Each structure stands twice: as structure tokens, then as C-alpha cells.
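Please work through the following exercises with the sequence and the 3D structure at hand. Each task is followed by a solution in steps.

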Amino acid sequence: ASKNTEKKFSDKARYYRVPCVKYGNKAALGSAMGLKERACAAVLNQGLADAIVSKLNHQGELNGENQDI
């Protein structure tokens, strides 16, 4: 996503106090969802969201550069 798009999502997430994680690229995100390229995705299921964050933390793939929580 463009820097402007990233900022919009980050600002909205911060305003609504919703975790926002930047990870991977459009092709990888779309592929993981079985779709075409996607710039962003929202996880509405709290259990799934927690599991994703836990997995990324366990793999050491969340750090100050890749997350905005």
C-alpha cells in the first residue's frame, strides 16, 4: 500500500484503539486469503486475531517496525 494509505489505516486504528499490524506484502496477503492481491485485511474474530498476533510474536516477526499497537 502507499504511504498515504498506510497512514490512513494506522491513524484510524490508533483513533479507535484497534491493533494494527503491518506485515508482508500485497501478494502474500492475498494468497493467504485465497484471493488476488490485497493491501489490507481486517480480522473481526477476536480469537483469530489473538492467535495471529501470538503466532507472529512467537516467530519473532513482530517488532517495532512491523506493528503499530
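The model is predicted: local features require pLDDT of at least 70 and side-chain atom pairs count only at pLDDT 80 or more, while totals for chains, interfaces and linings use all residues. Residues are numbered from 1 along each chain as its sequence is written, and side-chain values use heavy atoms, with hydrogens and water left out.

**Exercise 1. The helix**

Compare the span of α1 with the span expected at 1.5 Å a residue.

Step 1. Helices (H or I, at least four residues) and strands (E, at least two) are taken as DSSP runs, numbered from the N terminus.
Step 2. The expected span of a helix is 1.5 Å times one less than its number of residues.
Step 3. α1 has 13 residues and extends 18 Å from its first C-alpha to its last, close to the expected 18 Å.

**Exercise 2. Salt bridges**

Determine how many salt bridges a search of the whole structure finds, and identify which residues are linked in a network.

Step 1. The criterion is a side-chain nitrogen of Lys or Arg within 4 Å of a carboxyl oxygen of Asp or Glu. Side chains of opposite charge can pair when their charged atoms come close.
Step 2. Lys-7 pairs with Asp-11, their closest N and O atoms being 2.5 Å apart; both residues lie in helix α1, four residues apart, about one turn of the helix.
Step 3. Asp-11 also meets Arg-14 in a salt bridge of 3.4 Å, N to O, and these two residues of helix α1 are three residues apart, again about one turn. An α-helix has 3.6 residues a turn, so residues three or four places apart point the same way.
Step 4. The network therefore consists of Lys-7, Asp-11 and Arg-14.

**Exercise 3. Accessibility**

Classify Ala-13, Glu-6, Lys-22, Asp-11 and Arg-14 as buried, partly exposed or exposed.

Step 1. Buried means under 20% relative accessible area, exposed over 50%, and partly exposed in between (1.4 Å probe, protein chains only).
Step 2. Ala-13, at 11%, is buried. Leaving aside neighbours within four places in sequence, Ala-13 is in contact (heavy atoms within 4.5 Å) with Val-18 and Cys-20.
Step 3. Glu-6 is partly exposed at 26%, as are Asp-11 at 32%, Lys-22 at 40% and Arg-14 at 48%.
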